[in-house]
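Here is a short report on one chain. Look over the sequence and the model first, then read on.

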Amino acid sequence: MDERLQKPTVRQDPSNPGAHSEIYAVNDALLDGADIDDLVGFNVWLKDKKNNGRLALDLAQRCDNCVELTADIEWIENIIQEATP
Ligand SMILES: [Zn+2]
């Protein structure tokens with residue numbers, strides 16, 4: 001089967017889908033009247049976790065569940081990636 005036609009594999013995440021901060025933030029914005037096209041996502045860690053090299057305000061990658069759930073929203077990392085030659 002053509003690779004593009006196969007359903008992408010979803011990395012197993014120990015959290016339930018919808019349990020992460022970005023989903024709560026999007027939900028709150030929509031409930032407050034925002035239009036989905038007005039939203040741009042930017043997700044950062046709030047605390048240092050030096051044992052895995054992560055510092056507060058480092059970009060937080062979305063898990064595969066959140067990538068699927070927020071597929072209709074622009075994310076800053078995608079905008080940067082598209083703008084980088
Ligand atoms: Zn997530």
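Where is leucine 46 found? Leucine 46 sits in the loop between E1 and H2.

**Overall layout**

The chain has three helices and two strands. Read from the N terminus, the elements follow the order α-β-α-β-α. Of the 85 residues of the chain, 5% count as buried. Among contacts in the chain with a separation of 6 or more, 57% come from residues 24 or more positions apart.

**Confidence**

The chain has a mean pLDDT of 84. Of its residues, 85% reach 70 or more. Confidence is highest in helix H1 (residues 21-31), at a mean of 95. It is lowest in helix H3 (residues 76-83), where the mean is 86. Over residues 7-11 the pLDDT is below 50. Beyond near neighbours in sequence, that stretch has three contacts in the model. Where pLDDT is low, the predicted coordinates should not be read in detail.

**The loop between E1 and H2**

The loop lies between strand E1 (40-41) and helix H2 (64-69), and alanine 56 is in it. Leucine 57 belongs to the loop between E1 and H2 too. Are these residues buried or exposed? The counts are as follows.

| Residue | C-beta neighbours within 10 Å | Class |
|---|---|---|
| Alanine 56 | 10 | exposed |
| Leucine 57 | 11 | exposed |

Alanine 56 counts as exposed because it has 10 C-beta neighbours inside 10 Å. Leucine 57 is exposed because its count is 11.

**Contacts across the loop**

Which residues does alanine 56 touch, not counting those up to four places away in sequence? They are Trp45, Leu46, Lys47 and Asp48. Leucine 46 and alanine 56 are ten residues apart along the chain, and their C-alpha atoms are separated by 4.8 Å. Tryptophan 45 and alanine 56 are eleven residues apart, with a C-alpha separation of 5.2 Å.

**A backbone note**

What is phi of leucine 57 near? The value is near 75°, which is positive in a residue other than glycine. Most residues other than glycine have a negative phi.

Note on methods. Residues are numbered from 1 along each chain as its sequence is written. This is a predicted model: local features need pLDDT of at least 70, side-chain atom pairs count only at pLDDT 80 or more; totals for chains, interfaces and linings use all residues. Helices (H or I, at least four residues) and strands (E, at least two) are DSSP runs, numbered from the N terminus. A residue is buried if 20 or more other C-beta atoms lie within 10 Å of its own, exposed if 12 or fewer, and partly exposed in between; C-beta atoms are placed from the backbone. Two residues are in contact if their C-beta atoms, placed from the backbone, lie within 7 Å. pLDDT is the predictor's confidence in each residue, from 0 to 100.
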